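Trainee: Let us work through this model by question and answer. Please put it on the screen first.

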Amino acid sequence: MKCEVIHLKDRFPFLGEDGRDPVLQTFLPYNSVEMGRQNQKRPCIVICPGGAYIMCSEREAEVIGVHFLPDGYNVFVLQYSVMPHRFPTQLREVAAVMELIYENADNWNCDTSRIAIMGFSAGGHLAAHYSNAYNCPEVREVFPESKRVNASVLSYPVITADNRYAHLGSFKNVSGKDEVDDSVAEKFSCERLVSDDTPPTFIWHTAPDTCVPVENSLLYAAALSAHKIPFELHIYPFGWHGLGTADEQSNNPLPVKIARNRVWLDDARKWLKLMFSADAD
């Protein structure tokens with residue numbers, strides 16, 4: 001396996017302005033000649049950890065990606081810029097990752113028709129935001145041919161700027177505004193951005209989440225449904241925010257009723273396999 005740490009500013013110098021240093025970790029399985037896989041093109045998954053746009057959580061990074069390696073994925077973990085860096089910085093950094101995947105598709109054995117983005121909490125907001133706004137003017141200004149993802153996996157995502165359900169800190173941090181008003185909601189509420197072009201989406205959340213209320217996922221699912229976008233939604237009855245793998249890999253030992261939530265990983269893998277199969281159409 002080829003593991004590499006790429007500083008995006010080395011390839012795209014403008015991403016290093018104002019002290020930024022977004023980092024991409026790559027986990028690229030070798031295509032074994034011995035097993036006749038030398039020409040195999042692999043699906044890709046880009047992982048955006050959570051952290052309220054203040055940090056990038058370790059429990060939602062590499063430890064998540066390794067679960068997708070046995071399924072033949074190329075895995076990319078993005079440590080994106082956080083505050084004081086604001087929109088559109090984070091979207092541009094995801095777009096840069098997409099550019100690298102396309103540019104290195106042959107060397108990295110990437111199937112560019114099977115690229116998923118996965119995000120957790122505020123990283124879920126970034127994943128959903130990019131899924132819907134990859135071609136917004138702020139991104140197209142620097143990446144005129146910015147690339148669409150083919151599927152999204154959202155884990156307890158920050159979605160809505162509706163004051164009843166919003167994780168206000170995430171929206172203040174990414175927007176740079178002290179007030180989460182209608183202008184912020186219009187630009188950053190991902191349920192408002194869903195269109196017929198939104199990719200199929202897998203979502204999971206816990207019902208008693210007191211940090212990012214479950215209504216975030218419900219509102220996004222409703223928007224997907226309104227636009228006839230394929231989606232799968234899992235709401236688990238127990239558990240707190242930020243469970244990551246929902247097992248001992250990213251938590252202290254969990255009560256049985258919460259550890260049950262670990263099935264989300266297998267469900268997401270099965271769902272992606274279905275979405276990326278020839279039968280998906």
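**Helices on the sheet**

Trainee: Which strands does helix 10 lie across, and at what angle does it run to strand 7?

Mentor: Helix 10 (residues 215–226) lies across strand 6 (151–155), strand 7 and strand 8. Helices (H or I, at least four residues) and strands (E, at least two) are DSSP runs, numbered from the N terminus. Axes are lines fitted to C-alpha atoms, for helices over the stretch in contact, and angles run from 0 to 180 degrees between N-to-C directions. Relative to strand 7, helix 10 runs at about 155°.

Trainee: What angle does helix 12 make with strand 6?

Mentor: Helix 12 packs on the sheet. Contact means heavy atoms within 4.5 Å. Helix 12 touches strand 3 (42–48), strand 5 (110–120), strand 6, strand 7 and strand 8. With the direction of strand 6, its own direction makes about 170°.

Trainee: What kind of model is this?

Mentor: Residues count from 1 along each chain as its sequence is written, and side-chain values use heavy atoms, with hydrogens and water left out. Local features need pLDDT of at least 70, side-chain atom pairs count only at pLDDT 80 or more, and totals for chains, interfaces and linings use all residues, as this model is predicted.

Trainee: In what order do the strands of the open sheet run, and which are the edge strands?

Mentor: Eight strands make an open sheet with mixed pairing, in the order 1-2-4-3-5-6-7-8. Two strands pair if DSSP finds at least two bridges between them. Each edge strand pairs on one side only; these are strand 1 (2–7) and strand 8 (231–236).

Trainee: By how many degrees are neighbouring strands turned against each other on average?

Mentor: Direction is ignored here. The average for this sheet is 15°.

Trainee: How many bridges join strand 7 to strand 8?

Mentor: The two strands run parallel, with strand 7 covering residues 201–206. Isoleucine 203 has leucine 233 of strand 8 as its bridge partner. The bridges joining strand 7 to strand 8 number six.

Trainee: What is the bridge partner of serine 152 in strand 7?

Mentor: Strand 6 and strand 7 run parallel, joined by four bridges. For serine 152, the partner in strand 7 is threonine 201.

Trainee: Which residue of strand 5 is the bridge partner of isoleucine 47?

Mentor: Strand 3 pairs with strand 4 in the parallel sense over four bridges, and there isoleucine 47 partners valine 77. Strand 3 also pairs with strand 5 in the parallel sense, over six bridges. The strand 5 partner of isoleucine 47 is methionine 118.

Trainee: And which residue of strand 4 partners threonine 26?

Mentor: Strand 2 and strand 4 pair over five bridges, in the antiparallel sense. The strand 4 partner of threonine 26 is phenylalanine 76.

**Buried and exposed**

Trainee: Why is strand 4 largely enclosed by the rest of the structure?

Mentor: Buried means under 20% relative accessible area, exposed over 50%, partly exposed in between (1.4 Å probe, protein chains only). Strand 4 spans residues 74–79. It is largely enclosed because its buried residues number five of six.

Trainee: Which residues of strand 7 point the other way from Thr201, Ile203 and His205?

Mentor: Strand 7 is mostly covered, with six of its six residues buried. Thr201, Ile203 and His205 point one way. The other way point Phe202, Trp204 and Thr206.

Trainee: Is leucine 243 buried or exposed?

Mentor: Leucine 243 lies in the loop between strand 8 and helix 11 (256–259). Beyond its neighbours within four places in sequence, its contacts include Tyr156, Trp204 and Ile258. Its relative accessibility is 0%, so leucine 243 counts as buried.

Trainee: Is aspartate 18 buried or exposed?

Mentor: Aspartate 18 sits in the loop between helix 1 (8–11) and strand 2 (23–28). Because its relative accessible area is 63%, aspartate 18 is exposed.
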